[in-house]
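Biologist: I'm new to this one. Can you put it on screen and walk me through it?

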Amino acid sequence: MKRILVTGAAGQIGTELVLRLREELGAEAVLATDLRFPGEDHPVFAGGPFRTLDCTRGEELGLAVTAHRPDTVFHLAALLSAVGERDPLAAYRVNLGGLMEVLEVARAGKLAVFTPSSIAAFGPDTPRDPTPQDTIQRPTSMYGVTKVAGELLCDYYHHRFGVDTRGLRFPGLISHSAPPGGGTTDWAVEIFHAAVAEGRYTCFLGADTQLDMMYMDDAVRAAMELMEADGSALRHRNAYNITAFQLTPGGLAGILREHIPDFSIDYDVDPVRQAIADSWPRRIDDSAAREAWGWSPRFTARSMTETMLHALRPPVNHGP
Ligand code: NAD
Ligand code: AKB
């Protein structure tokens, strides 16, 4: 992994992944691309090469590959679960159409491809606690359907054409550098901003809804480690389960009160996102990833909370 092209680079993951890749490989080695121009001050634009690119347009992708000559694509462009339920056709076109174009470009150019899957690739028939690496995958959201089909496409391109496809089933990701893109786990980011700004939060999921979560540093490190791992050790070319900790809104509110004693939470449940969350795993089993390349998370719910609050709280002014 020496020269990289990132799609969807201005999003929640891309904003941090691009910076880490540039630190590791040098700014010029990493071409960040996105459908939208993120603004001149955005770190992904300001810190190295950037190009606007619609991943569903194969010719645009081909031109970017010819110009930059990457050996690896991190394909992050997608529409997330809540956005996907509002416009299922758009989610289908971007998530599967975009992946097809990326895989075709990778086949032609012999590029390695990282594609994130998600806990959304599971559904109500899947064992929820723990959810095994290989199990029933019958999701009920369009986002989930595109994630399962995307995993199968990655498998297919690996076995049929020898493309070096690798993927992770990310849980909900928590970070402070960029806002989340419209998913069911967004509450776990919003709650920190609301706690710091107002000392209170109204959550769109019920108090006891437990989902898998991870701090962004671990997610970015997992993606980079997977792409550096010995390919012969990777039995799964669709995607590996990875996890760090499990949270409920009520539980995270309790952890936040250890730092902000007056913090309060109430609930205004959104039935669409609640139904999605109720169909997802409560905890996934990541032993296959631990075995394959030694995956292990570093952040717990408590150390993530401390890190998020440290980043979001205004610095204390000690006077002149
Ligand atoms: P995001 O919504 O924050 O960012 C996605 C980016 O893709 C946006 O900047 C958007 O402008 C761009 N985009 C949309 N359509 C495009 C197109 N046609 N061409 C090019 N760019 C386009 O999403 P994210 O959270 O950064 O997620 C990245 C990937 O990780 C997605 O595949 C997502 O499903 C997956 N994932 C994310 C999470 C999470 O909690 N953030 C969890 C599991 C999986
Ligand atoms: C979403 O909630 O849609 C994403 C995900 C877990 O895939 N954060």
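Modeller: Let's start with a tyrosine. Tyr157 has a relative accessible area of 4%, so Tyr157 counts as buried. Keep in mind that this is a predicted model.

Biologist: And Tyr156, what is its relative accessible area?

Modeller: It is 43% for Tyr156. That makes Tyr156 partly exposed.

Biologist: How are the rings of Tyr156 and Tyr157 placed?

Modeller: Their centres are 5.9 Å apart and their planes meet at 70°. Planes over 60 degrees apart count as edge-to-face, so the Tyr156 and Tyr157 pair is edge-to-face.

Biologist: How many aromatic pairs are there in the whole structure?

Modeller: A search finds ten. One of them is Phe114 with Phe170, with centres 6.2 Å apart and planes at 55°. That angle is why the pair is called tilted.

Biologist: Where do Phe114 and Phe170 sit in the chain?

Modeller: Phe114 is in strand β5, and Phe170 is in strand β6, residues 165-170.

Biologist: Which residues do ring pairs link into a cluster?

Modeller: Phe37, Phe45 and Phe50.

Biologist: New topic: ligand 1. How many residues surround it, and which are the closest?

Modeller: There are 26 around ligand 1. The closest are Gln12, Asp34, Cys55, Tyr143 and Lys147.

Biologist: What classes are the residues in that shell around ligand 1?

Modeller: The shell has 15 nonpolar residues, seven polar ones and four charged ones.

Biologist: How much of ligand 1 does the protein bury?

Modeller: Ligand 1 exposes 830 Å² when taken alone, and the protein buries 93% of that.

Biologist: Which elements give two or more residues to the shell around ligand 1?

Modeller: They are α1 (12-25), β5 (112-118), α6 (142-161) and β7 (172-174). The largest share, three residues, comes from β5.

Biologist: On to ligand 2. Which residues surround it?

Modeller: Leu80, Ser81, Ser118, Ile119, Tyr143, Gly183, Thr184, Thr185 and Trp280. By class, four are nonpolar, five are polar and no residue is charged.

Biologist: What about polar atoms around ligand 2?

Modeller: A polar side-chain atom of Ser118 lies 2.6 Å from an oxygen atom of ligand 2. Thr184 places a backbone N or O atom 2.7 Å from an oxygen atom of ligand 2. Thr185 has a polar side-chain atom 2.8 Å from a nitrogen atom of ligand 2. On its own, ligand 2 has 250 Å² of accessible area, and the protein covers 93% of it.

Biologist: Which domains does the shell around ligand 2 draw on?

Modeller: Domain 1 (4-171 + 215-241) and domain 2 (173-213 + 244-284 + 298-312) each give at least three residues.

Biologist: Last one: where is Ser141 found?

Modeller: Ser141 is in the loop between β5 and α6. Ser141 has a relative accessible area of 4%, so Ser141 is buried. Ser141 and Ile276 are 135 residues apart in sequence, yet 6.8 Å apart in space, C-alpha to C-alpha.

Methods. Residues numbered from 1 in each chain as written. Chains lettered and ligands numbered in written order. Predicted model: local features only at pLDDT ≥ 70, side-chain atom pairs only at ≥ 80, totals over all residues. Heavy atoms only, no water. Near = heavy atom within 4 Å. Areas by Shrake-Rupley, 256 points an atom, 1.4 Å probe, with all protein chains shown as cover. Helix = DSSP H or I, 4+ residues; strand = E, 2+ residues; numbered from the N terminus. Nonpolar A, V, L, I, M, F, W, Y, C, P; charged D, E, K, R; others polar. Polar contact = N/O pair within 3.5 Å; in protein donor to acceptor, adjacent residues only side chain to side chain. Domains from an automatic or database assignment. Phe/Tyr/Trp six-rings, centres within 6.5 Å; stacked < 30°, edge-to-face > 60°. Buried < 20%, exposed > 50% of the residue type's maximum accessible area, 1.4 Å probe, protein only.
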